[in-house]
Amino acid sequence: MDISSLSRQLNIPVSQLRFKMNAAGFRISPRANKIDNQIAKQVLAAFSQKPKTEQAVKNKDISLPKVLTVKELAQTLGLDVTTVIKQLIQNGVMATINEEIDYDTAAIVAADLGFNVSETPQTGLRLGLGYVEEVISGELAQAPADFVARPPVVAIMGHVDHGKTTLLDTIRKTKVVETEAGRITQHIGAYQVNKNGKLITFLDTPGHEAFAAMRARGANVTDIIVLVVAADDGVKPQTIEVINRAKITETPLIIAINKIDKPDANVERIKRELSEYGVLIEEWGGKVPIAKISATTGLGVEELLDLILLQAEVLDLVANPKGQTLATVIESNVSKTLGPVATVLIQNGTLNLSDQIAVGRAYGKIRVMIDAKGNKIKTAGPATPVQITGLSEVPDAGDTLKTYQDLDQAKTQATQVLKSERAKRMRAVGKLRLEGKDLNLIIKVDVAGSLEAINEALNKLKNAEVKLNIIEEGVGEINENDILRAQAAKATILGFHTKLNPQAVKLAQTKQVSISLYDIIYELVEDLTKQIVDMMTPEVVRTEIGSAKILAVFRSEKDRMIVGGSVIEGKIKDSALVEIKRLDQILGRGQILELQQNKAKVKEVLQGFEFGVSIKTDVKISDGDILRLFEESIKKRTL
């Protein structure tokens with residue numbers, strides 16, 4: 001079954017469903033789109049019924065930020081911290097009252113407790129597609145005269161061997177202008193062509209892993225998808241994936257039926273197969289335009305470009321070159337001579353040399369800017385792909401670039417993103433606890449002296465409960481071999497004052513290996529300390545409140561009792577936990593749902609006074625039973 005279909009049936013966002021499935025033992029890859037039908041049935045059975053909560057909370061709408069502490073989450077939900085921490089533990093996350101958790105974790109916990117959750121718009125953390133759209137919409141409402149038409153951004157996609165690369169090559173060859181510079185290049189993962197005086201921006205990496213990373217961050221920079229289908233082969237798995245992607249992102253499709261010059265080409269069969277997947281072409285009464293081409297000979301390519309420009313006119317693509325400068329990272333890498341390098345596509349505003357920017361966890365001042373022709377430039381407008389240098393580190397594909405008035409503002413933005421990512425790492429460690437009490441590490445540093453200092457610090461973190469295993473350590477940059485060893489040992493890679501090999505970055509994404517880079521040793525030790533503490537079994541502290549004697553039973557329900565009694569010691573509190581005792585035997589436990597005194601709701605009733613109470617419990621309470629009231633809290637472990 002398709003995971004997105006399962007998500008819709010359960011009314012759980014896909015990202016949250018993946019997390020819940022893994023936490024519940026349904027192990028799936030973060031990139032898997034389909035699961036076995038039998039497993040799907042088990043997931044439906046497990047998550048269809050909302051769990052009973054310890055509070056009478058139902059369908060309350062709340063909004064949560066990108067990052068918040070456990071205490072803040074409890075306050076937002078109106079629940080005690082213990083209830084929230086217990087729910088976190090059930091989801092495989094060990095977090096203390098002041099620990100920061102990310103939105104995904106908080107949303108899962110809140111949903112399990114009966115809340116309808118949405119995300120609070122945040123401009124202080126990792127900016128995304130929603131933020132870009134919000135800025136552009138706001139500017140369009142305030143200053144529509146500043147907006148101008150921009151080139152369409154096009155991705156050419158399709159099944160393997162259906163002719164994507166050949167089509168790209170043909171477009172490049174046929175649309176180069178008279179001079180060598182031309183209007184197109186492949187130097188930076190994107191290029192532009194000029195058709196009848198109008199530019200079209202092509203993204204040159206539609207099948208690249210970077211696109212998967214961009215989709216994971218919700219970045220959809222593509223205006224139009226050209227879906228290439230071979231006339232002699234038909235609709236295939238990757239064809240269907242592209243169709244589904246277009247539907248999910250609501251991106252217009254243009255169908256390019258390729259290889260029509262082949263003897264066994266069957267265009268009508270392609271049209272019929274596409275219709276079976278909900279793609280109805282214009283000549284069949286639908287809205288999807290079609291071009292019949294031969295990428296090898298160039299037949300129909302001019303008509304395809306005309307269709308792209310026509311579709312762009314219908315879409316009325318505009319941007320504000322005078323507005324807030326925003327761009328999305330298409331690719332990024334580390335250059336031996338230039339340092340961190342990012343290829344970005346400008347979506348709004350104008351990017352200038354020396355602009356101060358933040359992009360994901362990176363920040364800096366643009367030192368060099370290169371256009372799609374390989375020329376150094378000083379300014380670039382909307383829908384233009386450019387390569388930039390001057391960043392503090394390598395950003396991720398899909399990160400949003402924003403300009404700032406000064407470098408301190410940019411640094412503050414990047415630091416907030418870094419803190420958010422640390423919170424996510426804490427969640428990942430919580431998940432590791434479900435699989436064991438070993439923390440495996442591979443450490444790479446700049447010089448041997450650093451390694452000695454780190455080992456000395458790690459010796460102080462050794463304890464009886466969580467075993468700290470140094471699988472490998474060494475001097476030098478983190479490379480592909482380190483990634484493979486980490487994957488085999490289920491280890492985390494720690495880098496101190498060292499760099500990441502560009503190929504290692506891509507391999508780590510594919511193999512799902514976690515890498516953390518540090519420049520300050522106490523931050524490395526601090527993060528590891530938190531990981532180890534969070535992997536340790538939490539200590540539950542019980543605080544006695546009081547006791548009461550049951551004098552009357554008013555109503556008995558399946559999982560609830562309504563009774564009356566008198567406080568004989570201490571006090572009785574609303575929401576407190578209770579032990580039900582008969583003679584010398586403890587019958588079970590429960591929790592107070594509602595407390596009344598003189599038929600009015602109260603928070604507590606003191607010794608010597610009578611009360612009425614609704615208790616959530618499976619025990620059948622009788623006259624004369626004793627309630628022992630207490631509270632539980634999670635005590636943070638220390639090394």
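This passage walks through the overall make-up of a predicted protein model and then through some of its local features.

The model is predicted, so local features are reported only at pLDDT of at least 70 and side-chain atom pairs only at pLDDT 80 or more, while totals for chains, interfaces and linings use all residues. Residues are numbered from 1 along each chain as its sequence is written, and side-chain values use heavy atoms, with hydrogens and water left out.

The secondary structure comes to 17 helices and 32 strands; here helices (H or I, at least four residues) and strands (E, at least two) are DSSP runs, numbered from the N terminus. Of the 639 residues of the protein, 49% count as buried. Buried means under 20% relative accessible area, exposed means over 50%, and partly exposed lies in between (1.4 Å probe, protein chains only). Contacts, meaning heavy atoms within 4.5 Å, tell something about how the chain folds back on itself. Among contacts between residues at least 6 apart in sequence, 71% join residues at least 24 apart.

Helix packing comes next. Two packed helices are described by the angle between their axes and the distance between the axes. The axes are lines fitted to C-alpha atoms, for helices over the stretch in contact, and the angles run from 0 to 180 degrees between N-to-C directions. Helix H4 (residues 70-77) and helix H5 (residues 81-90) have axes that come within 9 Å and cross at roughly 115°. H4 is therefore roughly perpendicular to H5, given that angles under 35 degrees count as roughly parallel, over 145 as roughly antiparallel, 65 to 115 as roughly perpendicular and the rest as oblique. The crossing of H4 and H5 is right-handed; a crossing is left-handed if the near helix is turned anticlockwise from the far one by less than a right angle, and right-handed if clockwise. On the H4 side the contact involves Val70, Leu73, Ala74 and Leu77, which meet Val81, Val84, Ile85 and Leu88 of H5. By class, this contact of H4 with H5 has eight nonpolar, no polar and no charged residues. In this scheme Ala, Val, Leu, Ile, Met, Phe, Trp, Tyr, Cys and Pro count as nonpolar, Asp, Glu, Lys and Arg as charged, and the others, Gly among them, as polar.

H5 also packs against helix H6 (residues 103-112), with axes that come within 10 Å and cross at roughly 110°. That makes H5 roughly perpendicular to H6. Val84, Gln87 and Leu88 of H5 make this contact with Thr105, Val109 and Asp112 of H6. The classes here are three nonpolar, two polar and one charged.

Glu480, Ile483, Leu484 and Gln487 in H15 meet Gln503, Ala504, Leu507, Ala508 and Lys511 in H16. These residues divide into five nonpolar, two polar and two charged.

Attention now turns to the aromatic rings. A search of the whole structure finds one aromatic pair. The rings of Tyr191 and Phe202 have their centres 5.4 Å apart and their planes at 20°, so this pair is stacked. Rings of Phe, Tyr and Trp (its six-membered ring) pair if their centres lie within 6.5 Å, and planes under 30 degrees apart count as stacked, over 60 as edge-to-face and the rest as tilted. The pair links distant parts of the chain, with Tyr191 in strand S7 and Phe202 in strand S8, 11 residues apart. Tyr191 is buried at 0% relative accessibility, and Phe202 is buried at 0% as well.

Some loop residues complete the picture. Asn196 is found in the loop between strand S7 (190-195) and strand S8 (198-203). Although Asn196 is not a glycine, it has a positive phi of about 55°, and at 63% relative accessibility Asn196 counts as exposed. Ala383, in the loop between strand S18 (379-380) and strand S19 (385-391), is also not a glycine but has a positive phi of about 65°. Ala383 is buried, with a relative accessible area of 1%.

Lys378 lies in the loop between strand S17 (362-370) and S18 and is exposed, with a relative accessible area of 64%. The C-alpha atoms of Lys378 and Asn352 are separated by 5.6 Å, although these residues are 26 apart along the chain. Leaving aside neighbours within four places in sequence, Lys378 is in contact with Leu351, Asn352, Leu353 and Met369.
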